Amino acid sequence: REVRVTMKIAIEGCCHGELDAIYASIQHLERVEGVKVDLLICCGDFQAVRNLDDLECMSVPDKYKELGTFYKYYSGEVIAPIPTLFIGGNHEAANYLWELYYGGYVAPNVFYIGHSGVVRFGDLRIGGLSGIFKYHDYKKGHHERPPYAGHAVKTAYHVREFDVFKLKQVKEELDVFLSHDWPRGIAQFGNKQELFRKKKFLKQEIESNTLGSPPAEELLKLLKPRYWFSAHLHVKYAAVVEHESNKSTKFLALDKCLPRRDFLQVIDIPDKSPEGGFTFDEEWLAILKANHEFHSVTQRPAQLPAYGNHEAVDIEPHRKWVTKRLEAMGVGSRQPPAFVATRVAHNPSTETRRRGKAPNDVDNNPQTQALMDLLELDMKLTIPVEGNPQLTGPFGASLPPHVRPPPPPPTRNVLVADDNEIEL
């Protein structure tokens, strides 16, 4: 008699640096229910803060800045008890995630999917898009660099068209897709009245179809994953989207990690095995290689072919190249490079500073360099942006300082959803 294999994954909403509490919650569930969780997925605001300096590269008002517990996992003092995968949100240590732009281990057993990416865990195929959508930054290149002066600490986590463009080229079926903010329009496919009861301030945006990310909506309709998980709005919400091709996507958003909040959900995915852990996805490696030349690391928009038509990129020759390359490099080439620390972890017994100082440079992470070497690509992440990154024009010319006009006086009372959610 054939035994069916089922993978058990735990989905968590906004992490906000509470790794100890999240792992403790899962381990309690495992003991009570007599089960074993194979994978933890965090849907953003992970806050991989290694030290006080990283904290200065995260978009959070000073009064809310907390180191969290991640540094213990980064230093090796504690090892993550469950393989963990996450995407970036809008409260992240931008300097650390930039050096792992293509994805990689931020700590042993803790894997970042990248600014956009596809990765395999066992035979589960997972795609993801980090950050949140803001229309005024969508077309720009990745120009932000440490120390993220001024508004750069916020724009660094804004989704870029280039990252969405790559994801649109994915043809093979995805089991799971992750985004921090919700796909636009997703609220229409669930119990809206229940959502209004929990989050009254969202009603106008939902009814006008302005809540959520337009690029994520495009990806949902194009990729049609079996599951889509999000966070950001600090509320649990489920929906089912029926696609024209007789496929459906089960959507679930979760809250942040706090007592008596719906921040965790365990899901069984049948006919999937965790054996082998995290591995590169061959199709995604081909997409990275095919699109590398279009990646802009200045304010200049990515020069995408055919006015941004993703179908204009021929992936097939790159796919053949990647297949031969992996075969030539051996079985181990499908495994992501091992974790390597690039900065000193916080040490509470010796640290005497009250606050850190944002770094002025980008570390060349050995994991990223190994991936570039594997694909025979040049390293773009460490290319300096001349002068102040916020004063660099689209063609490298220096622009005069931009002085923003004062904001208009408020015309109505504005409801604040959450003190910790600085920018929805």
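**Sheet, salt bridges and cavities in a predicted model**

Strand E2 (residues 39-42) is covered on both of its faces, with Leu39 and Ile41 buried on one side and Leu40 and Cys42 buried on the other. In a regular strand, side chains alternate between the two faces of the sheet. This description, like everything that follows, refers to a predicted model.

Strand E2 belongs to an open sheet of 6 strands, arranged in the order E4-E5-E3-E2-E1-E12 with mixed pairing. Strand E4 (104-107) and E12 stand at the edges with a single partner strand each, so one side of each is left without a neighbour in the sheet. On average, neighbouring strands of this sheet are turned by 30° against each other, direction ignored. Within the sheet, strand E1 (residues 6-12) runs parallel to E2 and is joined to E2 by 4 bridges; here Glu12 stands opposite Cys42, one of the buried residues of E2. Strand E3 (residues 84-86) and E5 also run parallel, joined by 3 bridges, and Leu85 has Phe111 in E5 as its bridge partner.

Turning to charged side chains, the structure holds 34 salt bridges. One of them pairs Arg120 with Glu172, at 3.8 Å from N to O. Arg120 lies in strand E6 (residues 116-121) and Glu172 in the loop between helix H6 (161-167) and strand E8 (176-179), so this pair ties together parts that are 52 residues apart in sequence. Both ends of the pair are partly exposed: Arg120 has a relative accessible area of 25%, and Glu172 one of 29%.

A second example joins Asp175 and Lys272, whose closest N and O atoms are 3.5 Å apart. This pair, too, links distant parts of the chain, with Asp175 in the loop between H6 and E8 and Lys272 in the loop between strand E12 (264-270) and strand E13 (278-280), 97 residues apart. Here both Asp175 and Lys272 are buried.

A local case is found in helix H7 (residues 192-198), where Glu194 and Arg197 are 3 residues apart and hence separated by about one helical turn. Their closest N and O atoms lie 2.7 Å apart in a salt bridge. Glu194 is partly exposed, at 30% relative accessible area, while Arg197 is exposed, at 55%. Elsewhere, salt bridges with shared partners join Arg120, Arg125, Glu172, Asp281, Glu282, Glu283, Arg319 and Arg334 into one network.

Across the whole structure, 5 cavities of 30 Å³ or more are found. The largest has a volume of about 240 Å³ and a lining of 24 residues, with Tyr112, His115, Ala156, Tyr157 and His158 nearest its centre. Helix H4 (residues 94-99) gives the largest share of this lining, 3 residues. Sorted by class, the lining of the largest cavity has 12 nonpolar, 8 polar and 4 charged residues.

The second largest cavity has a volume of about 160 Å³. Its lining is made of 17 residues, and those closest to its centre are Tyr102, Gly103, Phe111, Phe280 and Leu371. Phe111 is also the bridge partner of Leu85 noted for the sheet. Two or more lining residues come from each of strand E5 (110-112), E6, helix H10 (282-291) and helix H12 (366-375). By class, the second largest cavity is lined by 12 nonpolar, 4 polar and 1 charged residues.

Finally, a few backbone details deserve a look. The peptide bond from Pro146 to Pro147 is cis, with omega near 10°, and Pro147 lies in the loop between strand E7 (124-129) and helix H5 (152-155). Tyr148 sits in the loop between E7 and H5 and has phi near 55°, a positive value in a residue other than glycine. Tyr148 is buried, with a relative accessible area of 4%. A positive phi near 55° is also found for Tyr307, again a residue other than glycine. Tyr307, in the loop between H10 and helix H11 (316-329), is exposed, with a relative accessible area of 88%.

Technical notes:
Residues numbered from 1 in each chain as written. Predicted model: local features only at pLDDT ≥ 70, side-chain atom pairs only at ≥ 80, totals over all residues. Heavy atoms only, no water. Salt bridge = Lys/Arg side-chain N within 4 Å of Asp/Glu carboxyl O. Buried < 20%, exposed > 50% of the residue type's maximum accessible area, 1.4 Å probe, protein only. 1 Å grid on protein atoms, 1.4 Å probe; cavity = no way out; pocket = protein on both sides within 12 Å on 5 of 7 lines; lining within 4 Å. Points joined across faces, edges and corners; volume = space filled by probe spheres on them. Nonpolar A, V, L, I, M, F, W, Y, C, P; charged D, E, K, R; others polar. Pairing = 2+ DSSP bridges. Axes fitted to C-alpha atoms, helices over the stretch in contact; angles between N-to-C directions.
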